[in-house]
Amino acid sequence: MAQTMKRKYGVGAVLARFIGFIAASVVCGVLAASLVVPAVAAAGLGVSRSIGFFENLPDELTVQPPSQSTRVLTSDGKLIATFFAENRVRIPLDQMSPYVRNAVVAIEDSRFYEHAGIDPQAIARAVVSNLTTGGQQGASTITQQYVTNVVNEARLSQDRPDEVILSGQKDMGDKLREMKLAIALEKKFTKEQILEGYLNIVFFNSEAYGIEAAARYFFSSTAKKLTLPQAALLAGLVNSPTFYNPAINPDKSIVRRNQVLSEMLRQGMITDAEHDAAVATPIQLKLTPQRQGCAYAAIAPYFCDYVSHLILNNPAYGTSLIERQRKLYRGGLTIITTLDSRLQGAAQTQVNGTAGANPDRWGAALVTVQPGTGKILAMAQNTVILPARGKFDTHLNFNVDAKDPEGNDLNGAGGFQPGSTMKPFTFAEWLNEGKSLTAMIDASRRVYPVGFPWRSSCSRVMGAYSTAQNNPELGAADDLQNAEPGFYRPMPINYGLYNSINTATFASATQLDFCGIQKVVDAVGLHSGLDGAQINMHQLGNLLGAIGVAPLHLANAYATFANDGRYCAPIAILEIRDVTGGRLPAQTTECRDALKPQVARGVNAVLQDVMKKGSGVWIEPKVHTKFPVGAKTGTSNNNGSTWVVGYSSGLATASFFGDALEGQDRPGQNVTINGVFYERLDGYMIAGPQWANYMLKVGPLYPRKEFPPPPASMYGTPPSPSPSPGTSTGGTGPAPSSQNDGSTGGATPSGPDSGSERQGGGRPPAPPGR
């Protein structure tokens, strides 16, 4: 085993000997030609210029930590992904096998523990060899090699790759500078520190920088566990990583390995028996390529992509994009996110199974946030980032906005029409204005013409807005529609919400201040997923979800109901540490009062009825029989976007199924999914079971308390028993089943198109176990 030794010569003595050696060599006319590369002399490089450069060099070398990999982790410590420009994991010397430390010294610099940075004996030997053989034998010590690596690494980290100088490219000035810096380095660091730094920075191949990464790549092991033959093989690679690469040139690699073993034996580092056993050992590689970036994430690739954009878009991590990229790819950060690996695994399994083989590339997505903190706990979709045979691939994140509030790209799909999942926000304003939870409204009206006296206290002009029905010059063809014909009649407002009656939402809006509806939507964080613009609730189509909203923000808006009316902005990053353990800025929970607690409780009371007797009654499994949940179904006008957004006291989840392809607007009509034909897709059919199966599995992992009831005064006069399926209220026609989730999409400025989803009567085939 090699042991620490004090240098035998003082720095001044070594430098004096070296200067004398240079002078003698110049007199002989050979140093410039033989010390570095013979071609230098042929090129006419002046030795006097090199010596002058040498004299003017600084004595100090600033050694910065080399580029290291950044790790992105779940909140429970599971690896999501790594980012690196150079795959490197820095470790201390005592975490490296003694075999590899000795092997590198034996083959690269046998006098490492004796010299003071440069080795005059090795230089003399190289001069003689190069003169007599015409070769290019080098004489660089480990310290000199470390200097070169440090200098080159600094240039790379400063985005100056064109200034990197490789061994065969050094001129006399480069070589002299390297030597002086090596001497200066040995004044500042111990031999152990230099060897540790060298083994952490040295290049093994494009997949591995440093000994730890090399051990992981070639042997799926660690530097500490390297065996003698493994250590000798890696030590031999340093001289020529391509030529001696065992995966490319195994024969050359084993010759080189055995050469290292012979040197270790000659220098007394191993015994004859150890040498012979190692030489007899075949090369046994277990290659483990280290993939970097979100496309190769172990879990949650799209959440990873979202986190990376949060870093790259934030000036807190660097004043320019280049600086932020350097921080992410070279900074060796540890980024601890909000993701819960248990929820993420369940969400990914669920979306992957939602559409099976999915040749028509229908999108499925789930995203969960925690009420009261805004933490994003899961974010999944049924696609892959990189093209893969038989897979639905896209770079777009279905769950997030296209851009952040400052206009920076988030790589999101830009949202989807939320349909009837927007109705609870109009209902919240109904309660906010002091109206009864069970008040009767007239849902029979289908036409609201231009000039209808909508109310707007903030001076927005409403006279130009209408449902535009039967008014061809205003660009609409039909009256306001429900999913079924029997619901154009008076009904309790809560009944109209949990059965998702379009005309009921409009009837309630006639009695409301649209500025109040606007305030509710703004307060719960809803906005256009495409450009972050405010959703103009004075445009009537937006009452029924005409503008695309990202699932993340829709889930978070519903989390406000679960959190007693208190909104918390969504966050994804809990903590960021640099290589020294220092803290960088991260996201913190930021909450505000958005709704009065009694308003949120009133909404919760009605949304629980959605699952018990409303538009979600057909959703299986019956989550509400296991713990309290509120939810709302939603479907766009052409059935191309379907939703269930629901929550317990501890989790709020948006479930989406529909057309998620960029630039597409396919109708969800007359389609076959998992072998089942659907005349028209509805929120409860596929998005519903996706939500229910997932919530049933993960719900018990978080609180699932009873929701506080609304105050008794909110009910006004004692209400009649709520109508249930099979019972009519206040009129004739079919009783509410679950097929009343009417919504609208693509509303013109003059009002919504014919908004409804028509099921064609009867219950369609149940989704197959999703």
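**Exercise 1. List the residues that line the largest cavity, then give its volume and the classes of its lining.**

Step 1. Lys423, Thr426, Phe427, Ile493, Gly496, Leu497, Ile501, Ala504, Thr505 and Ser508 line the largest cavity. A cavity is a set of points, on a 1 Å grid over the protein atoms alone, where a 1.4 Å probe fits but cannot get out, and lining residues have an atom within 4 Å of a point.

Step 2. Two or more lining residues come from each of helix H17 (423–432), helix H18 (493–498) and helix H19 (502–509). Helices (H or I, at least four residues) and strands (E, at least two) are DSSP runs numbered from the N terminus.

Step 3. The volume of the largest cavity is about 70 Å³, where a volume is the space filled by probe spheres set on the grid points, joined across faces, edges and corners.

Step 4. The lining comprises five nonpolar, four polar and one charged residue. Ala, Val, Leu, Ile, Met, Phe, Trp, Tyr, Cys and Pro count as nonpolar, Asp, Glu, Lys and Arg as charged, and the others, Gly among them, as polar.

The model is predicted: local features need pLDDT of at least 70, side-chain atom pairs count only at pLDDT 80 or more, and totals for chains, interfaces and linings use all residues. Residues are numbered from 1 along each chain as its sequence is written, and side-chain values use heavy atoms, with hydrogens and water left out.

**Exercise 2. Determine how H11 and H12 are oriented to each other, and which residues make the contact.**

Step 1. Helix H11 (residues 228–237) and helix H12 (residues 250–266) pack at about 110°, their axes 8 Å apart. Axes are lines fitted to C-alpha atoms, for helices over the stretch in contact, and angles run from 0 to 180 degrees between N-to-C directions.

Step 2. H11 and H12 are therefore roughly perpendicular, a term for angles of 65 to 115 degrees.

Step 3. H11 contributes Leu228, Pro229, Ala232, Leu233, Ala235 and Gly236, and H12 contributes Ser253, Arg256, Arg257, Val260, Leu261 and Met264; contact means heavy atoms within 4.5 Å.

Step 4. By class, eight residues of this contact are nonpolar, two polar and two charged.

**Exercise 3. Give the strand order of the open five-stranded sheet and identify its edges.**

Step 1. The order is S7-S6-S16-S15-S14, with antiparallel pairing; two strands pair if DSSP finds at least two bridges between them.

Step 2. Strand S7 (376–381) and strand S14 (630–635) each have a single partner strand, so one side of each lacks a neighbour in the sheet.

Step 3. The twist averages 10° from one strand to the next.

Notes
Angles under 35 degrees count as roughly parallel, over 145 as roughly antiparallel, 65 to 115 as roughly perpendicular and the rest as oblique. On a 1 Å grid over the protein atoms alone, a cavity is a set of points where a 1.4 Å probe fits but cannot get out, and a pocket is an open set with protein on both sides within 12 Å along at least five of seven lines; lining residues have an atom within 4 Å of a point.
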